[in-house]
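Colleague: I would like to learn how to read a helix and its surroundings in a model. Please take me through one case.

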Amino acid sequence: MDDLVKGLINVAFGQGEEDDRNRDERSRSTWAQVVSGEHDDHDESISSSDRHNRHGYNRQEEEERNEEWRSGESRPTMRPPKAVHQDYDRDDDRRQDNYNQVNWNQKEGKEADDGWETVGKKPVKQHYKAHKDQWKNYKRPLDEQDYSSEVKYDFGIEPSGEELNDLSKALNKLWELDLNRLVPGKDYQIDCGEGKKVYQKEDMAEGSLFSWLSEEIFMRPTFARFCSLLDNYNPHEGYKENVTPEERQEQAAFIEEISRTAPIKYLHRYLSSKGIVSENYQDFKRMMTSLWFDLYGRGGTSGSSSAFEHVFVGEIKQHGEQEVSGFHNWLQFYLEEAKGRVNYQGYILPRRHGSIPDTETQLLTIQFEWDGVLKSVSSTLIGVSPEFEVAIYTLCFYLGREENHVELGPYPVNIKCYRLGNKIGSAFPVADC
């Protein structure tokens with residue numbers, strides 16, 4: 001009887017309703033914190049024992065996955081302080097499930113149907129249209145191709161004795177010979193967003209990495225021919241590639257086109273001076289086609305990968321947890337971002353007190369998702385030409401080591417190059433700062 005009387009009194013004075021409102025407010029406070037990303041960061045670093053237990057390409061894959069794992073350890077993130085709510089008990093597992101569901105709904109274009117506005121919700125990233133007309137013109141038989149004029153030898157493409165004795169000087173000379181390299185602010189614009197450490201999962205970029213890219217770029221023959229190759233591959237590692245006669249024509253046409261540029265002519269003169277390749281330029285071009293496009297096994301399947309596919313296009317590993325490997329080319333990044341398949345998540349903070357990247361920076365270490373699969377750290381040279389990248393990686397493959405500490409213009413860089421038998425297993429730049 002006493003309990004009944006007490007309950008009637010509570011109802012009369014509205015205390016029961018007040019308790020319900022308090023509980024509802026606490027619940028909504030929790031939801032607002034979840035959807036605004038206010039959750040604890042966790043260090044998900046891989047143990048050394050787990051690393052060494054993996055089969056096949058361990059060294060190459062681990063280096064590529066964690067090429068700057070300790071980046072930013074000495075520098076705080078540029079994230080504003082987190083608001084701390086003290087009026088509810090934390091349940092990390094439940095909050096993470098809610099957070100994952102919100103992310104899934106956002107990917108599917110759904111809005112929460114609970115009448116609440118998401119707190120701290122980022123704007124939808126704007127994607128741009130990539131103009132394909134130019135490179136479609138290059139998908140033609142070899143006898144219908146038109147090529148650029150040959151670069152003459154008065155461009156200084158004969159390597160000096162000093163360059164022949166110093167790989168760093170040779171690579172820096174290739175930087176100078178990259179006449180097709182783009183100019184930041186004139187040919188394109190990037191927005192680096194904010195910095196983060198490798199293990200942080202928050203998206204620190206409100207927009208896309210590329211704000212715009214001049215349409216004129218795709219009229220340049222080597223750029224257009226490069227882009228025409230990017231749709232020739234299955235990005236899932238372990239799937240056997242079926243190379244059509246038309247695709248082989250595109251490969252040969254690309255090599256022919258870049259072989260008319262200063263960087264590739266310099267590369268030929270350099271390697272032939274060392275006795276590594278034939279002095280006959282046609283033989284050299286056939287060697288280049290074989291080096292970059294011949295298929296080899298990766299992920300347990302023969303004929304499933306190539307140097308070009310891995311380094312420039314990228315692959316998604318299927319065994320165990322999905323991961324992005326390769327994918328170090330800025331043009332591929334731009335085009336996949338244009339399609340909405342790449343989600344740029346910010347740059348990786350320097351390991352030491354290096355310079356913070358800005359719109360002028362042409363060597364970036366970044367984090368992104370490709371088709372929803374994370375690439376926790378990746379380095380790329382922004383705005384360089386396809387012929388330049390082919391030249392530096394080929395030179396490092398033949399005359400360098402796995403790690404090559406060099407200067408490329410204003411950038412100290414470690415060009416990493418891994419062999420897979422007599423082929424390029426992987427090659428990519430790492431900011432040496």
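**Reading helix H11**

Modeller: Just after H11, Gly275 has a positive phi of about 75°. The model is predicted, and local features need pLDDT of at least 70, side-chain atom pairs count only at pLDDT 80 or more, and totals for chains, interfaces and linings use all residues. Residues are numbered from 1 along each chain as its sequence is written, and side-chain values use heavy atoms, with hydrogens and water left out.

Colleague: What is the span of H11 from its first C-alpha to its last?

Modeller: Helices (H or I, at least four residues) and strands (E, at least two) are DSSP runs, numbered from the N terminus. The expected span of a helix is 1.5 Å times one less than its number of residues. H11, residues 262-273, has 12 residues and reaches 16 Å, close to the 16 Å expected.

Colleague: How many residues of H11 are buried?

Modeller: Buried means under 20% relative accessible area, with exposed over 50% and partly exposed in between (1.4 Å probe, protein chains only). In H11, 10 of the 12 residues are buried, so the helix is largely enclosed by the rest of the structure. Among them are Ile264, Leu267, His268 and Tyr270. For the chain, buried residues make up 48% of the 433 residues.

Colleague: Which helices do the buried residues of H11 pack against?

Modeller: Contact means heavy atoms within 4.5 Å. The buried residues of H11 pack against H7, H8, H10, H12 and H15.

Colleague: How are two packed helices described?

Modeller: By the angle between their axes and the distance between the axes. Axes are lines fitted to C-alpha atoms, for helices over the stretch in contact, and angles run from 0 to 180 degrees between N-to-C directions. H11 and H12 pack at about 105°, with axes 11 Å apart. They are therefore roughly perpendicular (65 to 115 degrees; under 35 is roughly parallel, over 145 roughly antiparallel, the rest oblique). On the H11 side, Ile264, Lys265, Leu267, His268 and Leu271 meet Tyr281, Phe284 and Met288 of H12.

Colleague: What is the order of the strands in the open sheet?

Modeller: Strands of a sheet pair through backbone hydrogen bonds, either parallel or antiparallel. Two strands pair if DSSP finds at least two bridges between them. The open sheet has four strands in the order S2-S8-S9-S10, with mixed pairing. Its edge strands, S2 and S10, each pair on one side only. S8 and S9 run antiparallel, joined by four bridges, and Val342 has Trp370 in S9 as its bridge partner. Helix H14 lies across S8, S9 and S10, at about 130° to S8.
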